[in-house]
Amino acid sequence: ACCALLLLLGLCSAHGARARNVLLILADDGGFESGVYNNSAIATPHLDALARRSLIFRNAFTSVSSCSPSRASLLTGLPQVGAGGGEGEAPKAGEWGGRTRAQAFVKLVNKRGLRGGLLSKGGDPQSRKPLLFSYRPLPSSYRPLSSSHRPLPSTYRPLYSTYRPFFLYVAFHDPHRCGHSQPQYGAFCEKFGNGESGMGRIPDWTPQTYDPQDVQVPYFIPDTPAARADLAAQYTTIGRMDQGIGLVLQELREAGVLNDTLVIFTSDNGIPFPSGRTNLYWPGTAEPLLVSSPEHPRRWGQVSEAYVSLLDLTPTILDWFSIPYPSYAIFSSKTVQLTGRSLLPALESEPPWTTVFGSQSLHEVTMSYPMRSVRHQNFHLVHNLNFKMPFPIDQDFYVSPTFQDLLNRTRAGQPTGWYKDLHHYYYRERWELYDWSQDPHETQNLAADPHYAQLLEVLKTQLAKWQWETHDPWVCAPDGVLEEKLSPQCWPLHNEL
Ligand SMILES: *[C@@H]1O[C@H](CO)[C@@H](O)[C@H](O)[C@H]1NC(C)=O
Ligand SMILES: *[C@@H]1O[C@H](CO)[C@@H](O)[C@H](O)[C@H]1NC(C)=O
Ligand SMILES: *[C@@H]1O[C@H](CO)[C@@H](O)[C@H](O)[C@H]1NC(C)=O
């Protein structure tokens, strides 16, 4: 029946009936808390098993450190300014900027005879309208509703059991914070579904709990009892996601399609801790990335050092499906150019890739703090366009035990146990330049050091070139204005910068 359907779609190609599918699994604010990334304090058997059949990227970065813009970017291959996610996080209404563009991506794969489905994170436990959508012509039964913090297999079964090839995007809500939205379930909603009184029960989840004494505290998180308890809660929700990933993979295995499916696991942005999400520093942008191709076993289980970007996922997926990137324009007249590249060659041999870019405008609507960045070899340059204002803090992070503890300790003049202080966290230099080989924690800003003047210019030029290529409206900020007619150029503001 399947082949008949594929024939109808003109897809039963000359080389036979095997269809290549894609499963893209996304964590929400996930980081390196997993066995595969050498965290021995947490148990993530399903991710670890996937890693044994994957190339493991150690230097993968999101281009934007905010949920909705990141998702828009990774489904379009465009940085947030072009992906329609430039407006940052969803306003209360629940719409998100990248939705239209992401739908365009699914439409694109649908047009080629594939069936795409997006299962986004969604829904609160009380089944508020979830941020999910499917793009027609998926059957109407494919209206994924997750009653838990992870999509239920029954919601995507209709997709892969009916359609080949398929593109399935499964985005977990775990391990996102909850203290701002549903504090009754714990700081990370770690209690939701655990069977305790009032928490409901997720039948196929066996909760793992962790002693705060046992967690690994990354360098950018204060080593305090409050932060350790916060991390222990986060670990529990990573376990919930890990078991969910196991269920998804088991479903595909039982349906006999896993061996025809490119499986990608990553996260949208850094973990919701200081210097993490909403920052372009390493903790805000470095992402776990596993790419598992049944056709490329050569590098299974190996670790790649190549610098890759989540902007590379769109070209990778299109390459896997042999779909040429379509020519279309954004902002009415500008032809879209993908700056990412397919990761498939990396599955054969280690590539010499050493550059990735970052672009952030805002997270919540009140948090305008545009930043642009380039990582090239050992160096990381960040341009803080609005450096005269304090770095903004989002509501979700603000109420976190880790940040509250940091505020309290700072106010009381007590030791914070943190590698930074709030003053320098809020007030940043316009240019920040770090040498990762000497200073992996990004604490010594070299931008004003004359020894690095030449390098600084090279990186600035590299960054500006990328901004022009991606039609970045901020390309002239903060000391100039972009005037586009007749030939786009920056005009000086004489604003003392
Ligand atoms: C984990 O640690 C081992 C031993 O130090 C190292 O070879 C490997 O590359 C590390 N894995 C990752 C993903 O960083
Ligand atoms: C899985 O796919 C690969 C590549 O297409 C093939 O070589 C292998 O035999 C398949 N394995 C199974 C169990 O079907
Ligand atoms: C911070 O201080 C406030 C006010 O004194 C207190 O209510 C709160 O529990 C403290 N939070 C933490 C995480 O220590």
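Predicted model: local features only at pLDDT ≥ 70, side-chain atom pairs only at ≥ 80, totals over all residues.
Which side chain has an N or O atom 2.3 Å from an oxygen atom of ligand 1? The side chain is that of Asn38.

## Ligand 1

The residues around ligand 1 are Val36, Tyr37, Asn38, Ile56, Arg58 and Val303. Sorted by type, this shell holds four nonpolar residues, one polar and one charged. By itself ligand 1 would expose 360 Å², and the protein buries 52% of that area.

In the side chain of Asn38, an N or O atom lies 2.3 Å from an oxygen atom of ligand 1. For Arg58, the distance from a side-chain N or O atom to an oxygen atom of ligand 1 is 2.7 Å.

## Ligand 3

Ligand 3 has Pro401, Gln404, Asp405 and Asn408 around it. This shell is made up of one nonpolar residue, two polar ones and one charged. Ligand 3 taken alone exposes 360 Å², of which the protein buries 36%.

Asn408 supplies a polar side-chain atom that sits 2.2 Å from an oxygen atom of ligand 3.

The number of disulfides in the model is two. With bonded cysteines counted along the chain, their pattern is 1-2, 3-4.

One of them joins Cys178 to Cys189, with an S to S distance of 2.1 Å. Both Cys178 and Cys189 lie in the loop between β4 (166-171) and α7 (225-254), so the bond ties together parts that are eleven residues apart in sequence. The torsion about the S-S bond is about -110 degrees, and therefore this disulfide is left-handed. Cys178 has a relative accessibility of 0%, which means that Cys178 counts as buried. Cys189 is likewise buried, because its relative accessibility is 0%, and the cut-off for buried is under 20%.

## The disulfide of Cys476 and Cys490

Cys476 and Cys490 form a disulfide in which the sulfur atoms are 2.0 Å apart. Cys476 lies in the loop between α13 (453-469) and β14 (480-483), while Cys490 belongs to strand β15 (residues 489-492). The bond thus links distant parts of the chain, 14 residues apart. This link is left-handed, with -80 degrees about the S-S bond.

Are these two cysteines buried or exposed? Cys476 is buried, with a relative accessible area of 4%. Cys490 counts as partly exposed, because its relative accessibility is 36%, a value that falls between the limits of 20% and 50%.

## Cys67

Another cysteine to note is Cys67. Its relative accessibility is 3%, so Cys67 counts as buried.

## Helix α7

Helix α7 (225-254) marks one end of the loop that holds Cys178 and Cys189. The helix has 30 residues. From its first C-alpha to its last, α7 reaches 44 Å, close to the 44 Å expected at 1.5 Å a residue.

Most of α7 is covered, as 23 of its 30 residues are buried.

Key
Residues numbered from 1 in each chain as written. Chains lettered and ligands numbered in written order. Heavy atoms only, no water. Disulfide = S-S within 2.5 Å. Helix = DSSP H or I, 4+ residues; strand = E, 2+ residues; numbered from the N terminus. Buried < 20%, exposed > 50% of the residue type's maximum accessible area, 1.4 Å probe, protein only. Near = heavy atom within 4 Å. Polar contact = N/O pair within 3.5 Å; in protein donor to acceptor, adjacent residues only side chain to side chain. Areas by Shrake-Rupley, 256 points an atom, 1.4 Å probe, with all protein chains shown as cover. Nonpolar A, V, L, I, M, F, W, Y, C, P; charged D, E, K, R; others polar. Expected span 1.5 Å × (residues − 1).
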